[in-house]
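Please view the sequence and the model together before reading on.

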Amino acid sequence: MQEQTAILEFKGVTVRSASSQISGISQIDFSLGRGEIAVVGLEEGREHIPMAPLAQGLLAPDSGCVLFQGMDWADMKASRQSVERGRIRRVFEHYGWVTNLDVMENLCLAECHHTRRTRDEVMEEVRGLARRFGLEDIPEARPTRVHGMVLRKLEWVRALVGTPSLIIFERPLFGAPKADAPKLMEAVGEASRRGVAVLWLTEDERVMECRNLGAVRRFRMDGEKLVAVSNGRESDG
Amino acid sequence: MSFIASIGQGAINLYHRIRWIVSISTAIMQLAFRPSSWTKPVRMVLTRQIVFTGYDAIGFVAVVALLTGISVVVQAQVWMGRLGQSELLGPLLVTVIVREVGPLLVNFIVIGRSATAMAAELAGMKVRHEVEVLDSQGLDPLVFLVMPRAISMALSVFGLAMLFVVFSFGSGYLCGAFLGTGPGDPGIFARSVVRGVSSYDFYNILAKTLIPGLLTGVIAANEGLSVEGVATDIPQAVTRTVVRATLAVLVVSVIVSVLTYI
């Protein structure tokens, strides 16, 4: 039987720390297949781990390589990289909005740019997902005029719209109501069952311990190393 | 560094800068002719930029054109009449308004009004990491941010220059008729202007609006996106945009003028 290509693969990836806000990582190896979820536990207050920009080919590793759907980001032309990034959704650790577009335009942007779906169709899906997280209406305003908690939940919506191959969550529960965490985990579990690969960086122990997510592989950052966690034991990953 | 070495270094830097701007402009033109570049969000950016740079500027350009028409056209009518060369009024006005003053003034208005705003907007986006947000969603900044803005700037400068010519000739004629310095009959004035227009003038105004408009857009975008994460660098980016875009407009204008006459 032919082996399925991994959606995301880190091979011996090392990045030296570029600033006091960004942590370096050392010799990270892991792969993420279709429908798999990798949860990476972070210590509270830990500086930014650049796994998302690496996974999206936005940051080149100092050594090693990152493959997306079997292709090394370093070998892709810029136009190809953009197309491939269109298959990835991300919830940002920092502010993840374009301020000169209104909230709905932000939510529909990637889907309208990369697919032939009409804006009305995408908006309908966005509204449905928003209702799932308790948002009855999408604010008709620029993101700077919208409450941070609402924006955080709308980032979840944006990540789940359409049919991405990979979703990256960078501490997505930061700034969100605790009561909504199970709703997000449930939605992520459903996405994973549809074949979406998920990379989830979190400080939240509930995510690390959640058993309803599906095919989950758990890791922890130990300094600059990624350590696999299984049945309470930790081993180099 | 010695004086001569610093001149040499300055020349090398200028060469690299020009090469960079030309290569971005070329890439933008290639992208613009590729239908797949014009997705719905990119078309939306183009439309909004045309509204801001072109449509919203019509009032101001009209006022400048009216005032220019009054001062230039009326003076030309008076002096050509005194010199007994009224038949040269049309060619003279075409040379001054269509070939030189119109495109130059419109380019300067667009630099002051829109290129500065564009540089500040893009620099702000860079500082707030919004360019990374776009890039991470697969929206190439060159396709989504730079191309539609530069193209809209070129089209807007062309459209505004045509309006400028019409408004300035119209105001000049009306003022001349009011003061009794003009030919009186609008038909004579119009025929005189039309006689002065050659096919070269068409290429001239195209070259003096589309090329500088595109370069202004590229320079503004380049300066804006060159800001590296510090908000205090935004005003400098805006200043550099004004200086470099003004120089680019003047250089292109001189080259096209020289090519028109040789």
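A salt bridge is a side-chain nitrogen of Lys or Arg within 4 Å of a carboxyl oxygen of Asp or Glu. The model is predicted, so local features need pLDDT of at least 70 and side-chain atom pairs count only at pLDDT 80 or more, while totals for chains, interfaces and linings use all residues. Residues are numbered from 1 along each chain as its sequence is written, chains are lettered from A and ligands numbered from 1 in the order in which they are written, and side-chain values use heavy atoms, with hydrogens and water left out.

**The interface of chains A and B**

Three salt bridges are counted between chain A and chain B. In one of them, B:Arg48 joins A:Glu105, with the closest N and O atoms 2.3 Å apart. Helices (H or I, at least four residues) and strands (E, at least two) are DSSP runs, numbered from the N terminus. The side of chain A that touches chain B draws at least two residues from each of α2 (78-85), β6 (88-91) and α3 (103-114) of chain A. Of these residues α3(A) gives the largest share, namely seven.

The contact (heavy atoms within 4.5 Å) takes 28 residues from chain A and 22 residues from chain B. The buried area, which is the accessible area (1.4 Å probe) that two parts lose on being put together, summed over both, is about 2,000 Å² between chain A and chain B, and carbon and sulfur atoms give 55% of that. A:Asn100, A:Leu109 and A:His113 supply 27% of the area that chain A buries against chain B, more than any other three residues.

**Strands of chain A**

Two strands pair if DSSP finds at least two bridges between them.

| Strands | Sense | Bridges |
|---|---|---|
| β3(A) (residues 37-41) and β9(A) (residues 216-222) | parallel | five bridges |
| β9(A) and β10(A) (residues 225-230) | antiparallel | five bridges |

A:Ile37 has A:Val216 of β9(A) as its bridge partner, and A:Asp222 is partnered by A:Lys225 of β10(A). A hairpin with two residues between its strands is formed by β9(A) and β10(A), and A:Gly223 in the turn has a positive phi of about 65°.

**Helices of chain B**

Axes are lines fitted to C-alpha atoms, for helices over the stretch in contact, and angles run from 0 to 180 degrees between N-to-C directions. Those of α2(B) (residues 40-53) and α4(B) (residues 89-127) come within 10 Å and cross at roughly 145°. From α2(B) the contact involves B:Gln49, B:Phe52 and B:Thr53, and from α4(B) B:Val110, B:Arg113, B:Ser114, B:Ala117 and B:Met118.
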